[in-house]
Amino acid sequence: MITMPVVEQSVVIARPASEVWSFVTVAENWPSWEASTVECEQLTDGELGVGTRWRGVTRILGRRLDWVTEFVEYEPLKVATSKSVESKVGFTATTRLEEVDGGTLFTYRTDSESGLGGIFGKLADPIVAKAYSRTVRASLDNLADPLTIDG
């Protein structure tokens with residue numbers, strides 16, 4: 001049985017879901033809060049939706065990973081899921097929002113192919129997943145900072 005490394009973290013952001021959604025669904029905003037994202041841009045024209053493609057660069061443990069993703073699920077103010085279509089590592093990323101007392105519960109989940117591609121190898125999966133989980137935790141704490149969304 002192949003297990004896929006999964007990283008999932010959540011944070012409550014003291015903002016309405018509409019403000020959080022408006023911020024996280026703009027590709028160019030990702031490097032301002034997601035610590036491993038170095039570059040991010042929307043490749044396709046028009047509004048975000050199923051079929052929209054983003055291109056980006058992520059750094060994990062000092063290694064550069066170039067990728068292109070395509071959105072395969074999109075429900076405004078609730079959930080957006082994208083899958084890698086060009087990358088050394090196959091992955092799926094999901095952002096989910098839920099209104100809660102005190103603001104919006106924001107959950108970010110990534111499912112990666114076992115071995116995280118050729119960059120680290122299968123034996124490094126637990127180490128890489130743990131390090132990436134810490135990075136995601138710090139990123140979500142950063143996203144929850146009111147100054148991040150205010151720009």
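## Close-up views of the predicted model

**Figure 1. Surroundings of Tyr108.** Leaving aside neighbours within four places in sequence, Tyr108 is in contact with Val7, Glu8, Gln9, Trp30, Glu34, Ala93, Thr94, Thr95, Tyr132, Val136 and Leu140; a contact means heavy atoms within 4.5 Å. The model is predicted, so local features need pLDDT of at least 70 and side-chain atom pairs count only at pLDDT 80 or more, while totals for chains, interfaces and linings use all residues. Residues are numbered from 1 along each chain as its sequence is written, and side-chain values use heavy atoms, with hydrogens and water left out.

**Figure 2. Overall arrangement of helices and strands.** The secondary structure comprises 5 helices and 7 strands, following the pattern β-α-α-β-β-β-β-β-β-α-α-α along the sequence. Helices (H or I, at least four residues) and strands (E, at least two) are DSSP runs numbered from the N terminus. Of the 151 residues, 45% count as buried, where buried means under 20% relative accessible area, exposed over 50%, and partly exposed in between (1.4 Å probe, protein chains only). Among contacts between residues at least 6 apart in sequence, 47% join residues at least 24 apart.

Figure 3. The 7 strands form an open sheet in the order 1-7-6-5-4-3-2, with antiparallel pairing; two strands pair if DSSP finds at least two bridges between them. Strand 1 (6-13) and strand 2 (37-42) are the edge strands, each pairing on one side only. On average, neighbouring strands of this sheet are turned by 20° against each other, direction ignored; axes are lines fitted to C-alpha atoms, for helices over the stretch in contact, and angles run from 0 to 180 degrees between N-to-C directions.

**Figure 4. Strand 7 and its two partners.** Strand 1 and strand 7 (residues 103-112) pair in the antiparallel sense over 8 bridges. Within this pairing, Ser10 stands opposite Thr107, and Val6 stands opposite Asp111. Strand 6 and strand 7 also run antiparallel and are joined by 10 bridges; here the bridge partner of Thr92 in strand 7 is Asp111. These two strands form a hairpin with 2 residues between them, and Gly102 in the turn has a positive phi of about 95°.

**Figure 5. The largest nonpolar core.** This core has 30 residues, and those with the most contacts inside it are Val24, Trp33, Trp54, Phe106, Tyr108 and Leu143. A nonpolar core is a set of buried Ala, Val, Leu, Ile, Met, Phe, Trp, Tyr and Cys residues joined through side-chain atoms within 4.5 Å. The elements that each supply at least two residues include helix 2 (30-33), strand 3 (53-60), strand 4 (63-75), strand 6 (91-100) and helix 4 (125-144). The largest share, 5 residues, comes from helix 1.

**Figure 6. The buried face of helix 1.** Ala17, Val20, Trp21, Phe23 and Val24 are buried in helix 1. Seen down the helix axis, the buried residues fall within an arc of 165°, so they line one face of helix 1; the arc is that of the directions from the helix axis to the C-beta atoms.

Figure 7. Pro16 lies in the loop between strand 1 and helix 1 and, at 37% relative accessibility, counts as partly exposed. Apart from neighbours within four places in sequence, Pro16 is in contact with Glu99 and Thr104. The C-alpha atoms of Pro16 and Leu105, 89 residues apart along the chain, are separated by 9.6 Å.
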